[in-house]
Amino acid sequence: MSTSQKIRVLLAKPGLDGHDRGVKVVARALRDAGMEVIYTGLHKSPEAIIEAALQEDVDVIGLSSLSGSHMALFTRIMELLAEKEMAVDTLVIAGGIIPDDDAPKLEKIGIKGIFGPGADTDTIANFIRANIKRTL
Amino acid sequence: MTTSPKRPNKDPNTETPSDRAEILQKRKNWEEEYEQLMKKKPERLSSFVTTSSVPINRLYDPTDLPQDWSYLKDVGYPGEFPYTRGVQQTMYRGRLWTMRQFAGFGGSEETNERFKFLLANGMTGLSVAFHLPTLYGRESTHPMSLGEVGKLGVAIDTLRDMEILFDGIPLDKVTTSMTINAPAAILLSMYIAVAEKQGVSPDQIGGTIQNDILKEYMAQKSYIFPPKPSMRLIVDTIKYCSKFVPRWNTISISGYHIREAGSTAAQELAFTLINGLEYVKWAVKSGMEIDEFAPRLSFFFNSHNDFFEEIAKFRAARRIWARWMREFSPKNERSLWLRFHTQTAGCSLTAQQPYNNVVRTTVQSMAAVIGGTQSLHTNSLDEALALPSEDAVEIALRTQQIIAHESGLTNTIDPLAGSYFVESLTNLMEKEVEDYLQKVDQLGGVIPAIEKGFFQQEIANAAYQYQKEIEKNERTIVSVNDFTKDEDIEIPILQIGDEIAERQKKRLERVKQERNTEKVTTALLKIQEAAKGNENLFPLILDAVKLYASIGEICDVLREVFGEWKGDLLF
């Protein structure tokens, strides 16, 4: 569990999706909002993302997907998170192209905030502050 | 070479110095009166800027053009240097642009059906979207393909999939564009092989492969190998096609993805043309004559919301390219031509109130047509949410048909030439491109600039600025930060089921059982050996493809020799 004064956020691109405009904008906005942001870069497997989250001792994992593979990949990531016993301490949020019908399914597996096209970066930062699982 | 203008030498747009002085005086008076009025009633906005944040004057007149600007030197006639008004003499009075809707989803069967639907509705060229595993040279069964099969495009693993994709579509009658980059040589080989099975020889097929790896490192990010071996694959393809597939556009130098990643219009144009120049230099360095390949280079641009800025971009593109290419002293006039495909801006579409996207797409298409595009894809209204449904794609195609047949935009060539505003914007665009060319030269060229992350950072900066302008309400996006509604509008969404991945897996397994494994292994080894040397890889890839080697297998042997590009972590 991080003891940093700053909120630590891992932003990740699971799978083969190369759309990184959104994740980069969010990364910069969260950094400007005073958070410590680690970006995984593209083409990461669920295993690599969980490993990075563990190494970096983050409070938040933000998953970005615009390729339609979110159900398969996010489900796998949440399974691994539970296996590593990180689910209790880690807030997981998601962004990208995620159809409305999928939002309740993602919530059920533990992904709390879903931010689609047109989302305001302040809203994302505020959501993180309100929902992280430790008190700073 | 230059084509000599067929008109008299008198430049119709040159005013005498005394005219200019008089105009300047009048303009000054007018501006002063305007300022007086503003004291009573200020302008609506503190600054008026384009979509790319370029400040726009309240008025343009002849003095906004530099004194050495000349109609014949800077604009000229369609089909004549510097081609500002269009590459073809007759433009849309001769022939309309090709209506080419990008399509691909699910398996080859689903996409084949969509192609036939579009052709039946008046589409005039095919354009294939491949799923991510194909773009990255992975088999559909690879662990990294989890969840991606058939989602963003059609799943293609082997020649068998390609045979189904084009089943019943005569490849000597249609032209096909394929958005494929790192493994472009493999997909073109498959297309050649399918054509041969239909009895169509390689010199009869026409179309385009994107094959533009440089912008992948900058923006679209579907790279596999590092830049240098990737450039070698591209040059190999250009060389092979110049001999055996002469009607094929071997590269579509693309700004589209640069813009989608967040660049400004000028950055889109600059980075694209600079990449184009890099391909030309590599091909020349490999020993080719400029006229052997330059006429088959084509371009691909974005058309965003700002109507005049986009038109200026297209006009400037032709002029700059012609001026740059003239330095290579081509003998064939076509080597000077910048021919381009346009797609309306996907990134401009909103998930909120999605029907409004039809209007955005219409405005963007009009800019592309006034800008003289050779082919056009119009986005569907649902593309901020999913891949397009059949109904949505039909409206998108009808949009083009209405512009072509009802709007009158096609009656005359380059209708905005001579507009002081549009000519000024065109000049400004050219200047910004030249400035970027200098910067890239100072960084040591395109590949060193990519390695330093220069383009990536420029694009990320512009994307962030644009987002912040929206969030601060300095820029209005209808339905996003103004004119919003609380209730969601439900529109039908195209869903891709998991059964596609299962079917694809079974087909790939069957192909591998039925093919001659020994021959495939030998063909793959030959590619690997040749990759270590300088031999042209294209014919070897074609051989392997015909034996039903998969894209994943061919890319894997190349990965072993070339290595992989790791990408950047900049933001």
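What follows is a short chat about a predicted two-chain model.

Me: What are the ground rules for numbering and confidence?
Reply: Residues count from 1 along each chain as its sequence is written, and chains are lettered from A, ligands numbered from 1, in the order in which they are written. This is a predicted model, where local features need pLDDT of at least 70, side-chain atom pairs count only at pLDDT 80 or more, and totals for chains, interfaces and linings use all residues.

Me: How many residues of chain B are in contact with chain A?
Reply: 33 residues of chain B contact 29 residues of chain A. Contact means C-beta atoms, placed from the backbone, within 7 Å.

Me: Which helix gives the most on the chain B side?
Reply: α18(B), with 5 residues. Helices here are DSSP runs of H or I, at least four residues; strands are runs of E, at least two; both are numbered from the N terminus.

Me: Switching to chain A. What is the strand order in the open sheet?
Reply: β2-β1-β3-β4-β5, with parallel pairing. Two strands pair if DSSP finds at least two bridges between them.

Me: Why do β2 and β5 of chain A have a side without a neighbour?
Reply: β2 (36-39) and β5 (113-115) of chain A are at the edges, each with a single partner strand, so one side of each has no neighbour in the sheet.

Me: How many bridges join β1(A) and β2(A)?
Reply: 4, in the parallel sense. A:Leu10 stands opposite A:Ile38 in β2(A).

Me: Back to chain B. Which residues of α22(B) are buried?
Reply: B:Ile551, B:Gly552, B:Glu553, B:Ile554, B:Cys555 and B:Leu558. Buried means 20 or more other C-beta atoms within 10 Å of a residue's own, all placed from the backbone; exposed means 12 or fewer, and partly exposed is in between.

Me: What do they pack against?
Reply: α5, α7 (184-197), α20 (517-532) and α21 (538-546) of chain B.

Me: And what comes just after α22(B)?
Reply: B:Gly563, with a positive phi of about 80°.

Me: What is B:Ile527 in contact with, beyond four places in sequence?
Reply: Its contacts include B:Leu537, B:Ile541, B:Ile554 and B:Leu558.

Methods: Contact = placed C-beta atoms within 7 Å.
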